[in-house]
Amino acid sequence: MGIDFDLLHKVKGLIECPEPDKDIRRFDANLRLFPPFLDNDVCPITIKNTLLQSCYLRNTEWACGVAVYTGNETKLGMTRGVPEPKLTAVDAMIDKLTGAIFVFQLVVVMVLGVAGNIWKDTEARKLWYVEYPTKGPWYELLVIPLRFELLCSIMIPISIKVSLDLVKGLYAKFIDWDNKMVDQETSTPAHAANTAISEDLGQVEYILTDKTGTLTENQMIFKRCCISGTFYGNEIGDALKDEDLVNAVATRSPDVIHFLTVMAICNTVVPIQRQNGTILYKAQSQDEEALVHAAAGLHMVFVKKNGNVLDINFNASVIQYEVLDTLEFTSDRKRMSVVVKDCQSGKLFLLSKGADEAILPCASTGQQTRTFSEAVEQYSQLGLRTLCLAWRELEEDEYQEWSLMFKEANSALVDRDWRIAEVCQRLEHHLQILGVAAIEDRLQDGVPETIETLRKAGINFWMLTGDKQNTAIQIALSCNFVSPEPKGQLLLINGKTGDEVRQSLERVLLTMRITSSEPKDVAFVIDGWALEIALKHHHKAFMELALLSKTAICCRVTPSQKAQLVELLKSCEYRTLAIGDGGNDVRMIQQAHIGVGISGREGLQAARAADYSIGKFRFLKRLILVHGRYSYNRTAFLSQYSFYKSLLICFIQIFFSLISGVSGTSLFNSVSLMAYNVFYTSVPVLVNVLDKDLSERTVMQHPQILFYCQAGRLLNPSTFAGWFGRSLFHAIVVFVICIHSYAFEKSEMEELSMVVLSGCIWLQAFVVALETNSFTILQHLAIWGNLVAFYVINWIVSALPSSGMYTIMFRLCRQPSYWITMFLIVVAGMGPVLALKYFRYTYRPSKINILRQAERLGGPILSLGNIEPQSRAFEKEVSPLSISQPKSRSPVYEPLLSDSPNAIRRSFGPGAPFDFFQSQSRLSSSYARNCKDN
Amino acid sequence: MNSNNTPSSSAGGPGSAAADSTAPPTTRNSKRPKYSRFTQQELPACKPILTPKWVISAFMLVTVIFIPIGVASLFASHDVVEIIDRYETDCIPEDSRKDKIAYIQSSGDKTCNRILNVTKHMKHPIYVYYQLDNYYQNHRRYVKSRSDQQLRDRDSENDTSACKPEDKTANGSTIVPCGLIAWSLFNDSYSFSRNNQNLSVNKHGISWKSDRDHKFGKDVFPKNFQSGGLIGGKHLNESIPLSEQEDLIVWMRTAALPTFRKLYGKIEVDLVAGDVINVTLQNNYNTYSFNGKKKLVLSTTSWLGGKNDFLGIAYLTVGGLCFFLAMVFTIIYLVKPRRLGDPSYLSWNRNPGGH
């Protein structure tokens, strides 16, 4: 920079900046430095001079800057929506049931309250020994209802919240602990940041997934190329190993050499020499990195960048190029170029690379470009990203002339971008097309299998990507997103104007409606622009489409559109899971019911915002099918059981009040009541978090079983009614048996109370035992140990003379009739339940039951209906899809440094060096210019 | 239920863990979760399933256990000899029956003679109970109206907050024992004679020993009891400590049901079949205002307690039902066998692709 190092801290100036906003693509500010450094002159500052929050700086020793916005006023802080607290479907259901129970409780209180008052006035006044005052104040009427309210208050189990919090914490821990979800490459374990929503994992209906970095490795590898009409790498799938290409390099075929030169130096990559002699390439774009690596693999090694001089090591000879100008990439231009001077010969070259539609039209007249467009077509069919490489030799005076214009355009204050583009255009013509490079973004391991399994489990996938349509479709095909023809069908929605989009949307809807009855795999494809229009103007139609379609591919969508789509699905009452890996997925992740972040090479931003972070996409299968499913099942049992036990004791209190003059006497003493919820009944059910109805293997083999969780089959009003009925039945059993066997001379209050209570404890132990699917030693300990603990606790309390139940438990345990009564209660209470369960289990089995039986008996089921591993190779030729519109012939090309959402995400990640440092030099040079001008 | 406790397939945990531990490269991160069977949810578990064999056997087992217990309980209950005499109406002279309440509240002699016929040999000890019907000792106002502190401890005499409205006399002195329960102490009394020979009733040891020792103080004496305008029940001898007022102690053990028996005393001699017992009773207690019944019960006892057929009948019924269920399940099983875990029942196997 133009300022001395030791003077740097004395710089004084002023930055005029706009109010904080959330547009991360714009920043229009001015910088004024005070004398003596600069005159009071305005330097424009744009987004290119800006470093966004939580960016990592790379490839520099130092940097100086000024903090413009801080905290929540940063661009990122403004974008960060306030994440709503997430409530799981199970929690919502529990709340609903709690509400229902509350209403029930009110009704009971009202009925009993009225009955109590009537009984009081008709009967109790005759009971002289109760001494009811003949005339009381009016509020006496409220005493009995309030008594019943007090009695019935245990009907809503308070312990359920505590128990649920405990087990949810444990679910989350199980995810953290899971060895099978540790990414072996990076040793990243899965992590559950949100401990409260594990059940929702088992109820996911829609998964919205990002593409790059989530489904794919985001690790670009140069795979194929076509150099002046010759295809390399087609047979073995790797151009670097293609003998022909290696030979061509060895024989110094000029086309190939030029091709490699463009690959090696037409970029903004910075090579860093490491201690051990290897070279580390730091690139903003993964594509550029891939190209440079590939060039190095073909002996065109980009060794050093010394200011503007690049050292290329080709077959042990060093070639030096001086970079004169960089014509940067913009998403409008879709290409980038560099002007270099060969230091030996002094010749000037323009080297370009870019999307085919941006490069091929600039071809020199007379050059046949058909081969190249065919190559592009072929590669994009395979899901490869393509880049066209071209070059041109420049005349010295042509360049000088242009260079002046370029400098002028660069210092323009008005419409700078447009003017630069226009100037660049003047140089990028008559290019000689060298060839097409195809880069593969490899799918992560196990992605197709994971998606296949989850789709079998009834989960619908939407892919939301910033990529182009063709790439997205190809990736979708290779990931089993859509079945290939003839089962699958892709419906395209596009259009630039509202009308076009509407027509297209209506057409797709019509097709959807027709095919919805057929077992056909229909997916719609929409791009960001059409989506914007559809969401804004045809919200209803699009909603219907969302309801109908199981699969969707949305390309070129922005982060906020991703979030909008999540919102849309949420408004259709679907459980959504959003999975992504980068900063552009954060909104979607926060918006969805469940956000899953992949802690990959894009950094941890998504993983930090997410509820769950996993190392690889394939762990999603285990997260949902194993952890989600078990969590749902366990919570379903735990919550209903909590209601059951509270209702049981409450029903008994109600029954007792019927024989105690509807006066609201509590049968149980307060110690027992408190201990019942806290100690006696909560431990066995807590250990139920270890329960597994089906083994993990069976679930993986039959992912369809997840349907039970998705549809909420294990926790809904009707299953709850079953538990309600069971508690009523058990209350009747316990109460009737106890008051009959402890009648007459035995009907002592404290004794009867303990008999009834122990009846309840026995029953609940057996209920838990009957509902437990797999007994581990801990479950046995908890269930039977709890029963023993009940007696021990009561013996201890019975040994205290001051307690109301002094000696009671000892007396009871000595009576044969007590044990006979307990035995009777257990059998009478559990017999019908067992019989019913057995009958259903055997003659009306649910899928879960069948699988359990099969698993236990080792039947042939384990081999039946297996999911054959889908080893669909990426290279495999995918059968063409029927697309209801003529396929657009646009190539698959991801912008290298675009302002597309994808690139924005990049700039957040740690692997992404920031623009600032190239712009730095430009900034300083523009300062210098400004100084000169003044 | 299946008691076949072979560990399930998940017991293969350690093996897979060993395989896991060899896989990762040397860069083992400390973040990596530690392996344990608990954390991996791989504790060896037994997964019982409801096979017909086990369910039918379970029901048969219950039958086999329940029928004998039921029979034994019934026999025990039938061995108990019980003489019940309901006297609350008969002990009111014919002319007073129109207004029983007036009769019972009037002062004067309310002696009543009853004759009990012993039909079966009764071995001593014979328990003498009084049974009250439709008497709500479990009423909320009633059951709380006592002060355990006061009963136990002389110094807590004034601890009568729970006893309202029978906590203090009109002039403000504390009642001991306070509360509705004590105040309404049953005051009918019985004396028995056989062949004009007095049958002594042992009234010692009719209450729980623990109550006498720990709940009712030896140095707590009745005070101001039944001295108010309204007399509830029996008067207490103020020179006898509460721990020896066994009628009170028995009465203070409130009954949980509106029909209950309380021990009055024990007859320590055998009664022979054909014996005629004359009972002279003082019919003092007012159950007429609420149509309550009063019964005098003489009963022997068995290992199961008094005469109560409920347990025996319930055991036989439940045992019978279990037998019935076992039979039904067996028949269904034989007539319509159904293979457990048949994959053809899985709908997605039948119709692939559909859910």
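**Exercise 1. The two chains together**

Task: How many residues of chain B are in contact with how many residues of chain A?

Solution. Contact means heavy atoms within 4.5 Å. By that rule, 100 residues of chain B are in contact with 110 residues of chain A. This is a predicted model, in which local features need pLDDT of at least 70 and side-chain atom pairs count only at pLDDT 80 or more, while totals for chains, interfaces and linings use all residues. Residues are numbered from 1 along each chain as its sequence is written, chains are lettered from A and ligands numbered from 1 in the order in which they are written, and side-chain values use heavy atoms, with hydrogens and water left out.

Next, take the area. The size of an interface is often given as the accessible area lost when the parts come together. Buried area here is the accessible area (1.4 Å probe) that two parts lose on being put together, summed over both. Between chain B and chain A about 9200 Å² is buried, and carbon and sulfur atoms give 64% of that area.

Then count the polar links. A salt bridge is a side-chain nitrogen of Lys or Arg within 4 Å of a carboxyl oxygen of Asp or Glu. There are 4 salt bridges between chain B and chain A. In one between B:K47 and A:E855, the closest N and O atoms are 3.0 Å apart. A polar contact is a pair of N or O atoms within 3.5 Å; within protein, one must be able to donate a hydrogen and the other to accept it, and residues adjacent in sequence count only if both atoms are side-chain atoms. Between the two chains, 27 residue pairs are in polar contact, both residues being at pLDDT 80 or more.

Last, find the elements. Helices (H or I, at least four residues) and strands (E, at least two) are DSSP runs, numbered from the N terminus. Those that give two or more residues to the side of chain B that touches chain A include helix 2 (52-79), strand 3 (126-132) and helix 9 (310-335) of chain B. Helix 9 of chain B gives the most, with 10 residues.

**Exercise 2. Chain A as a whole**

Solution. Chain A has 32 helices and 23 strands. Buried means under 20% relative accessible area, exposed over 50%, and partly exposed in between (1.4 Å probe, protein chains only). Of the 934 residues in chain A, 58% are buried. Among contacts in chain A with a separation of 6 or more, 73% are between residues 24 or more positions apart.

Residues 673-690 are 72% helix and 0% strand, with end C-alpha atoms 27 Å apart. Residues 817-839 are 100% helix and 0% strand, and there the end C-alpha atoms lie 32 Å apart.

**Exercise 3. Salt bridges across the sequence**

Task: Which parts of chain A does the salt bridge between A:K86 and A:D611 tie together?

Solution. The N to O distance of this salt bridge is 2.4 Å. A:K86 lies in the loop between helix 1 (75-79) and helix 2 (89-122), and A:D611 in the loop between helix 19 (605-609) and strand 23 (612-614), so the pair ties together parts of chain A that are 525 residues apart in sequence. A:K86 is partly exposed, at 21% relative accessibility, whereas A:D611 is buried, at 7%.

Repeat the steps for A:D693 and A:R629, whose side chains form a salt bridge at 2.8 Å, N to O. A:D693 is in the loop between helix 22 (682-686) and helix 23 (696-701) and A:R629 in helix 20 (residues 619-658), so parts of chain A 64 residues apart in sequence are tied together. A:D693 is buried, with a relative accessible area of 8%, and A:R629 is buried at 0%.

**Exercise 4. A buried lysine**

Task: Is A:K353 buried or exposed, and what does its side chain contact?

Solution. A:K353 sits in strand 14 (residues 348-354) of chain A. Its relative accessibility is 1%, so A:K353 counts as buried. The side chain of A:K353 makes a polar contact with the side chain of A:E288, at 3.1 Å.
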